[in-house]
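The report below works through charge pairs, domain packing, a helix crossing and some backbone details of the structure shown here.

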Amino acid sequence: MKRWLSAILTFVVCGLSTGVSATPSNDESMGLRLDWLDKGISSAQNFYAFANGHWQQQHSIPSNYSRWSTISILDKKILQMIQQMLIEAEKNKSAKPGSIQQKIGDFYFSGMDEVTINRLGIAPLKSEFDKIESIKNIQDLQAVIAYFQIIGVDSGFNFGSMQDFMNSENMIGAVEQGGLGLPDRDYYLKEGKKFQQVREAYIRYVTKMFELLGDPSEQAASEANVVMTIEKTLAEASMSKIDQRDPHNVYHMMTISELGKLTPNFSWPQFLNTIQLQGVKRLNMGMPEFFKKWNALLQSVSLNDWKIYLRSHLIQSFSSFLSQAFVDESFKMHSIITGTKTQLPRWQRVVSTENHVLGFAIGQWYVEKYFPASSKKQVLDIVHNIRNVLREDLQTLSWMTPETRKAALKKLDLMSAQVGYPSKWWDYSTLVIDRGPYVLNVKRAQVFLFKRDLHKIGKPIDKTEWEMNPQTINAYYNPSMNIIYLPAGILQPPFFDPHYPASINYGSIGYVIGHEITHGFDDQGAQFDGHGNLKNWWKPQDLEKFKAATQCIMEQYSQYKIDDDLFIQGKLVMGEATADLGGLLLAYRAFHASTAYKNAKRIDGYTPDQQFFLGFAQSWAENIRPEQLRNFNTVDPHPPAQYRVNGTLANMPYFQSAFDIPESSPMRSQHRCVIW
Ligand SMILES: [Zn+2]
């Protein structure tokens with residue numbers, strides 16, 4: 001269930017997190033959590049630990065989580081609320097067949113029907129395995145690879161729609177690299193004991209999967225090595241996450257015949273025919289070098305080995321929705337990567353899956369019940385204030401030439417915000433859901449999602465489309481739209497509460513908004529103009545100065561060591577860290593410019609400025625397992641929570657004067673990075 005093919009820039013790592021509207025508080029001091037502070041830690045040594053130390057001590061990570069944070073707590077609460085809704089739908093005998101009530105109820109029923117799931121084992125997928133078995137030549141192989149795209153099995157690459165980087169009014173088709181079972185190429189290629197252990201565990205896991213499919217042990221072990229060999233070759237040919245950050249690197253429009261020349265062993269017309277997308281003349285080829293290698297493998301790897309590889313990918317895609325033995329093995333592998341000790345209860349896994357595949361149906365119900373219109377208005381006010389501050393900053397930035405300034409102001413004026421939920425809801429009428437088998441409901445949902453996405457290709461963009469469900473605790477900026485999106489899920493404590501003091505609302509949701517707006521001007525987003533087109537609008541001398549600022553942040557974060565052999569990848573996180581610094585600064589200035597600031601009071605001795613910075617730090621309260629920290633450090637462009645807080649504050653003189661941070665403190669950068 002992955003999808004890339006767009007350049008969206010998020011606030012936290014994309015996942016299945018969902019939010020809950022907690023009851024608004026009436027206590028003005030709420031929002032600033034004095035009981036979370038660890039006053040035994042110096043705020044000048046480690047502000048994150050000072051702000052969250054007691055919270056961290058009191059919130060050990062539950063065995064079935066890889067991290068535990070303020071977001072995880074909300075996430076779990078909403079899943080429980082959604083579960084209640086699903087149970088109600090499941091019990092509703094009068095739901096009309098084909099209605100959304102029937103689909104929501106039946107999906108949940110099939111997922112909870114453990115007895116049937118265990119009785120059926122692998123049987124529901126028999127026809128899919130038969131397709132692999134019947135491959136006789138390279139044309140058959142290609143047909144199965146194409147079919148697997150439709151049912152959501154990654155068999156070497158991913159296909160989908162994206163907004164054209166160069167013509168943001170149009171949706172185009174795009175292909176990107178894929179084909180790996182582990183989370184990233186680094187897991188295959190990096191030296192060091194810990195990555196090696198993951199590779200060994202992966203071979204054991206794939207072996208076990210083949211055994212569960214009925215293969216004798218010795219055969220299963222040799223099959224696992226075949227899978228590993230193919231994936232390692234694909235990993236070597238893969239573009240790194242760092243290189244993918246530059247939109248120019250992943251944009252290569254090609255005609256179908258040019259694609260044919262790049263990959264002569266693969267017929268794109270046949271592929272487009274199978275997925276029913278005839279008539280497309282050009283596609284974006286994301287990673288040409290990867291596809292050259294993949295093309296060579298189509299010929300050099302035997303058909304028999306390709307069958308082994310496809311069986312492995314088919315079973316890996318669906319194992320979580322099959323009988324217990326498959327679920328257990330799949331969890332064991334997940335556990336190696338994330339450090340999670342025990343499985344989540346079945347209901348929670350089913351609700352998470354359903355919340356993904358039927359996310360906008362659940363979201364419609366969610367916002368009707370839990371998202372007050374007054375929140376939307378108050379948040380839009382904060383957005384307005386932050387934009388004003390940035391407009392002033394852009395007007396007065398001393399280093400910017402008039403031409404670049406004019407273009408930057410234009411981009412800001414064209415930027416808009418969507419708050420809460422999309423203006424149009426999804427139509428699920430073509431999706432068939434019944435009472436089981438569960439895995440077939442999941443498969444049909446995948447087909448529905450794939451076809452819905454495909455339907456956009458070759459058409460003008462739909463500005464009402466959202467990339468995230470409204471119940472998601474996250475936010476994003478889409479540079480091709482030049483729009484920031486703030487789902488209802490994040491517009492609640494600890495990020496926002498209508499009754500919080502303004503210091504806390506600005507330090508948390510204000511910072512989130514500033515972060516997303518800054519994405520329009522970070523090293524990635526700044527390459528798109530106000531109309532969402534990839535087009536340079538910077539004068540060379542301005543661009544040079546701007547690059548020096550983001551370079552400064554890259555160097556700062558590269559110095560943070562998070563494990564014996566592991567540093568933060570500065571080049572991977574520089575965009576997010578830039579958005580953090582720019583965003584917090586904008587939020588601070590907007591707070592000072594607000595009418596609420598004039599009436600701001602001390603709370604328990606803490607000044608409004610101190611409250612602002614504590615509010616910021618406390619929205620990041622978290623404990624995380626070392627394995628998951630390593631995983632995120634490899635795949636996630638966001639720095640770990642502690643460094644998002646301390647790394648950002650070290651560049652903020654306002655913070656340093658608010659807390660009297662001495663010259664030589666680690667909470668003060670020796671080379672301060674300045675965005676604006
Ligand atoms: Zn971001």
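The structure, which is a predicted model, holds 27 salt bridges. Side chains of opposite charge can pair when their charged atoms come close. One of these pairs joins Lys332 and Glu329, whose side chains meet with an N to O distance of 3.1 Å; both residues lie in helix 15, which spans residues 324–338, and they are 3 residues apart, about one turn of the helix. Another salt bridge is formed by Lys194 with Asp564, and here the closest N and O atoms are 4.0 Å apart.

The domain assignment of the chain gives domain 1, made of the segments 43–81 and 358–658, and domain 2, which covers 126–321. The centres of domain 1 and domain 2, taken over C-alpha atoms, are separated by 31 Å, and 39 residues of domain 1 are in contact with 38 residues of domain 2. The size of an interface is often given as the accessible area lost when the parts come together. Between them, domain 1 and domain 2 bury about 3500 Å², with 60% of that area on carbon and sulfur atoms. On the side of domain 1, the residues that lose the most area to domain 2 are Phe450, Ile457 and Leu534, which together account for 18% of what that side buries. Across the interface of domain 1 and domain 2, the rule also finds 4 salt bridges.

How do helix 8 and helix 14 lie relative to each other? The axes of helix 8 (residues 193–212) and helix 14 (residues 303–318) come within 10 Å and cross at roughly 90 degrees, and the two helices are therefore roughly perpendicular to each other. Helix 8 contributes Tyr202, Tyr205, Val206, Met209 and Phe210 to the contact, while helix 14 contributes Ile308, Arg311, Ser312, Ile315 and Gln316. By residue class, this contact of helix 8 with helix 14 divides into 7 nonpolar, 2 polar and 1 charged.

| Peptide bond | Omega |
|---|---|
| Gly436 to Pro437, cis | near 0 degrees |
| Pro493 to Pro494, cis | near 5 degrees |

Pro437 lies in the loop between strand 7 (416–420) and helix 20 (438–454), whereas Pro494 is placed in the loop between strand 9 (483–487) and helix 21 (502–519). A further backbone detail concerns Asp604, which has a positive phi of about 50 degrees although it is not a glycine; Asp604 is found in the loop between helix 24 (595–598) and helix 25 (608–618).

Key. Residues numbered from 1 in each chain as written. Predicted model: local features only at pLDDT ≥ 70, side-chain atom pairs only at ≥ 80, totals over all residues. Heavy atoms only, no water. Axes fitted to C-alpha atoms, helices over the stretch in contact; angles between N-to-C directions. Helix = DSSP H or I, 4+ residues; strand = E, 2+ residues; numbered from the N terminus. Parallel < 35°, antiparallel > 145°, perpendicular 65-115°, else oblique. Contact = heavy atoms within 4.5 Å. Nonpolar A, V, L, I, M, F, W, Y, C, P; charged D, E, K, R; others polar. Domains from an automatic or database assignment. Buried area = accessible area lost by both parts, 1.4 Å probe.
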